[in-house]
Amino acid sequence: MKNVDIYEKLAPKYDQATTIVSFGIEEAWREMFVKEIKKHIDNGVLLDVASATGKMASKMDFDKMYLLEPSRQMNQIAKKRLEGKNVIFIEDFAEEAQIPEQVDIITSFMGVRNFDDMDKGIRNLDKYLKDGGYFAIVELTKSDSVMFGLSMFYISKIVPLLGGLITGEYESYKKFNQTIKHVTDEDILQNYPNYHIITHKRLFPPIASMMILKKDEC
Ligand SMILES: C[S@@+](CC[C@H](N)C(=O)[O-])C[C@H]1O[C@@H](n2cnc3c(N)ncnc32)[C@H](O)[C@@H]1O
């Protein structure tokens with residue numbers, strides 16, 4: 001089963017369920033992410049990857065945006081949300097997608113760990129980022145802290161119940177949890193040898209990190 005199959009089922013109630021099970025924390029992280037990115041770049045061509053219902057793109061609001069997302073259901077919701085904006089939808093996987101032009105920034109909010117092959121996905125996306133461009137990520141990653149252990153208890157035991165209740169997709173929520181347990185910040189960062197780190201912050205609660213990387217100029 002591909003990761004997209006989980007999200008395809010969750011799509012109709014994805015936004016509502018995420019806001020409830022995260023107690024709004026996910027929304028606060030999103031605001032912080034946008035604020036941090038805009039310190040470095042606030043327009044140009046943006047590629048948002050694993051764009052789901054298009055929330056990230058609606059907050060970034062660049063003049064031209066590509067949204068890359070393999071789930072048809074997610075894309076349908078995003079299309080409604082972003083009506084009237086200069087947005088091009090690419091219904092494909094990060095590992096294989098072709099982007100028609102080089103972009104100034106790639107954003108991925110809770111995206112990269114969902115790629116079936118994260119390393120391959122990042123390598124493919126890197127081809128479409130201009131030299132001097134930014135790759136900005138927020139991702140759920142594991143750590144050794146006690147707080148991480150407690151948060152994982154909530155995520156693995158309570159979130160499937162709550163999420164399952166809201167969406168009727170208990171099994172999908174259980175599978176969703178399995179994607180969180182294995183990725184570390186280092187697993188992500190080792191894919192960026194030709195970048196330097198502009199921002200690397202652990203978020204609160206400490207189950208996620210924000211990383212903004214700038215691609216070296218040749
Ligand atoms: C947690 S959601 C992303 C949330 C979204 N970025 C936001 O701002 O709300 C993860 C998304 O990754 C997508 N996905 C799964 N496999 C993927 C792949 N191989 N390449 C790109 N996206 C993928 C899923 O369909 C899902 O919409």
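Modeller: A residue counts as near a molecule if one of its heavy atoms lies within 4 Å of it. In this predicted model, local features need pLDDT of at least 70 and side-chain atom pairs pLDDT 80 or more, while totals for chains, interfaces and linings use all residues. Residues are numbered from 1 along each chain as its sequence is written, and side-chain values use heavy atoms, without hydrogens and water.

Biologist: Which residues are closest to the ligand?

Modeller: The ligand is surrounded by 19 residues, with Arg-30, Ala-50, Glu-69, Glu-95 and Phe-109 the closest. By class, 13 are nonpolar, two polar and four charged; Ala, Val, Leu, Ile, Met, Phe, Trp, Tyr, Cys and Pro count as nonpolar, Asp, Glu, Lys and Arg as charged, and the others as polar.

Biologist: Why is helix α2 called oblique to helix α7?

Modeller: Helices here are DSSP runs (H or I) of at least four residues, and strands (E) of at least two. The axes of α2 (residues 14–21) and α7 (residues 146–167) come within 10 Å and cross at roughly 140°. Therefore α2 is oblique to α7, since angles under 35 degrees are roughly parallel, over 145 roughly antiparallel, 65 to 115 roughly perpendicular, and the rest oblique. Such angles, between N-to-C directions of lines fitted to C-alpha atoms, run from 0 to 180 degrees.

Biologist: How do you know whether the bond from Phe-204 to Pro-205 is cis or trans?

Modeller: Its omega is near -5°, and the bond is cis. Pro-205 sits in the loop between β6 (195–202) and β7 (208–215).
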